[in-house]
Amino acid sequence: MNTPQVFITVDSVRNAIAQRVQELVSQGNARPKVGLVPTMGALHDGHAALLDKARSENDVVVVSVFVNPLQFNDPVDYENYPRQLEADTQLVGAHGADLVFAPAVETMYPGYFSEDNAPQITVSAGHMGTMFEGASRPGHFDGVCTVVTKLWTIHMPPAPATLHSYFGQKDAQQLAILRRTASDLNIPVDIRPVGLVRAPSGLALSSRNMRLDDAGMSSALALSQALHLLRWQAEKGRPLNIDSAQQMIDEDKSITLDYLEVVDPTTLMPLDEDTLAKPLKQEALALVAAYISPVRLIDNMVLPVPSGDSNTQ
Ligand code: AMP
């Protein structure tokens, strides 16, 4: 078990990274790799999968823990978001990461609490940021893109080191948008996706699950079950029947469905009826979001191209 160093200022974490890189280079490492895992804390086994992958692929691993006010459109949700830095630091250490960056809001956004309501300059997530999560949470992805761009520039190591940033498939729309952010803004960061981690019940792990009671936990299972039905249909080469999956969710009156859609994984554009009616020719993505009062949950599943056998049935 590591005891990671915790930094709260931009300069201190930058200097620590620069120092580690210098040491590695002087030990003969020609191209040290720095892995960054951005999180909002309240870490669980889903985050741990990101930490483990980052540890296995990098020389230095940094975990940022920052509940980013810019990505919350509901101030109550922001206030209620769980915060537990001490427990998080222990989990980070148990998974072998080296450094934690846990800045205050004022550090990330100087002047945030003044009348200016800084920052003045932000990153726009564009059209992709207005769909699905963005439609229900206006400005959410602008906030995500702004904070992650800042985290990348803060943690960008000096040459010859390279930056690798880890994101979970759990937030599939976020991952797609951040890929575009890096490429559209020419930010030299290698984006590393990590598969979605579920509880044995099938529920996608999320920091928000701790706000569900037992009944809510069991209602929440309808989301992954609906996605499984769509995956089964895709695997068998059957028409993708979104209505039948939606019925599984609608049966539970304590769930308020926001969206259930099958999309192209890169562009996030919904597949048209024709494409849904035929066996998939390329992988698709099923996205779902729902409220189990008042907790908002999201989940998704990759829908595969049917295997040869099912295709010919
Ligand atoms: P968050 O702290 O919720 O902002 O999440 C930080 C990172 O962990 C994001 O890249 C998430 O996609 C990822 N993550 C959260 N939950 C899971 C999960 N169940 N499986 C995989 N990655 C996850």
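What volume does the largest cavity have? In this predicted model, the volume of the largest cavity is about 830 Å³.

**Figure 1. Cavities in the whole structure.** Searching the whole structure for cavities of 30 Å³ or more gives two.

**Figure 2. Residues around the centre of the largest cavity.** The lining of the largest cavity consists of 44 residues. Those that lie nearest its centre are Met40, His47, Lys170, Asp171 and Gln174. Sorted by class, this lining holds 22 nonpolar, 15 polar and seven charged residues.

**Figure 3. Secondary-structure elements at the largest cavity.** Two or more lining residues of the largest cavity come from each of the helices α2 (45–57), α7 (140–155) and α8 (172–184). Among the strands, β2 (33–39), β5 (162–168), β8 (284–292) and β9 (295–303) also give two or more. The element that gives the most to this lining is α7, with six residues.

**Figure 4. Lining of the second largest cavity.** Leu203, Ala204, Ser206, Asn209, Ala220, Leu223, Leu297, Ile298 and Asp299 line the second largest cavity. Two or more of the lining residues are given by each of α9 (214–235) and β9. Here β9 gives the most, with three residues. By class, the lining of the second largest cavity has six nonpolar residues, two polar and one charged.

Definitions and conventions:
Residues are numbered from 1 along each chain as its sequence is written. This is a predicted model: local features need pLDDT of at least 70, side-chain atom pairs count only at pLDDT 80 or more; totals for chains, interfaces and linings use all residues. Side-chain values use heavy atoms; hydrogens and water are left out. On a 1 Å grid over the protein atoms alone, a cavity is a set of points where a 1.4 Å probe fits but cannot get out, and a pocket is an open set with protein on both sides within 12 Å along at least five of seven lines; lining residues have an atom within 4 Å of a point. Grid points are joined across faces, edges and corners, and a volume is the space filled by probe spheres set on the points. Helices (H or I, at least four residues) and strands (E, at least two) are DSSP runs, numbered from the N terminus. Ala, Val, Leu, Ile, Met, Phe, Trp, Tyr, Cys and Pro count as nonpolar, Asp, Glu, Lys and Arg as charged, and the others, Gly among them, as polar.
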